[in-house]
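My comments follow as numbered points, to be read with the structure open beside them.

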Amino acid sequence: MTIYSDDLVKATNQIVGFGAVALAAYDATAGSGMPSVGLPLLCCGASLVYTNGIFQNYLRRRDTRVVAYLSGNPGTPLSKISAATGLSQEQVASSLQRLGADRLVVSESGPASLTRYRLAS
């Protein structure tokens, strides 16, 4: 299984964001006596969690571009999908991995070990 950079960003935002919120909550209840530390920490954690939602919307839009291209071009290799959509091959591969896990896209091996993708029937 390959883990792509956008998946790492998503996981990191969630872990760090919720960790910062938890630390700020602990600071508020434990009473360190420094409200100047807890409030900015709470804001930073909440911002990370919020921007993660924005990042999810970006991934959905990117996946939609891949699906839209495949709907008119079944049996296309990754390199051609990348060139047609303007996305990097890593971004397309990440989208195809998510879409494959959701059983929306199927991969087929072609000649010379060239994998081609199409929408699932």
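1. Among contacts in the chain between residues at least 6 apart in sequence, what percentage join residues at least 24 apart? The figure is 55%. Please keep in mind throughout that this is a predicted model.

2. A word on confidence, then. The mean pLDDT of the chain is 84, with 89% of its residues reaching 70 or more. Helix H1 (residues 5-30) has the lowest confidence, at a mean of 78, while H3 has the highest, at 95.

3. For the overall layout, I see four helices and three strands, arranged along the sequence as α-α-β-α-α-β-β. Of the 121 residues in the chain, 27% are buried. The chain exposes about 7,500 Å², and carbon and sulfur atoms supply 62% of that area.

4. Now to the strands. S2 and S3 pair in the antiparallel sense over five bridges, and strand S1 (residues 76-77) also pairs with S3 in the antiparallel sense, over two bridges.

5. The hairpin of S2 and S3 deserves a look of its own. Five residues lie between its strands, and alanine 112 in this hairpin takes a positive phi near 60°.

6. How many salt bridges does a search of the whole structure find? There are two. One of them joins the side chains of arginine 98 and aspartate 63, at 3.0 Å from N to O. This pair links distant parts of the chain, since arginine 98 belongs to helix H4 (residues 89-101) and aspartate 63 to helix H2 (residues 35-72), 35 residues apart. Both arginine 98 and aspartate 63 are buried.

7. The side chains of arginine 118 and glutamate 108 also meet in a salt bridge, at 2.4 Å from N to O. Arginine 118 is in strand S3 (residues 115-119) and glutamate 108 in strand S2 (residues 105-109), so this pair ties together parts that are 10 residues apart in sequence.

8. Which residues does threonine 85 contact, leaving aside neighbours within four places in sequence? They are Arg65, Tyr69 and Val92.

9. Finally, glycine 38 in helix H2 is worth a moment. At 11% relative accessibility, under the 20% cut-off, glycine 38 counts as buried. Not counting residues up to four places away in sequence, glycine 38 touches Ala24 and Asp27.

Conventions:
Residues numbered from 1 in each chain as written. Predicted model: local features only at pLDDT ≥ 70, side-chain atom pairs only at ≥ 80, totals over all residues. Heavy atoms only, no water. Contact = heavy atoms within 4.5 Å. Salt bridge = Lys/Arg side-chain N within 4 Å of Asp/Glu carboxyl O. Buried < 20%, exposed > 50% of the residue type's maximum accessible area, 1.4 Å probe, protein only. Pairing = 2+ DSSP bridges. Areas by Shrake-Rupley, 256 points an atom, 1.4 Å probe, with all protein chains shown as cover. pLDDT = per-residue confidence, 0-100.
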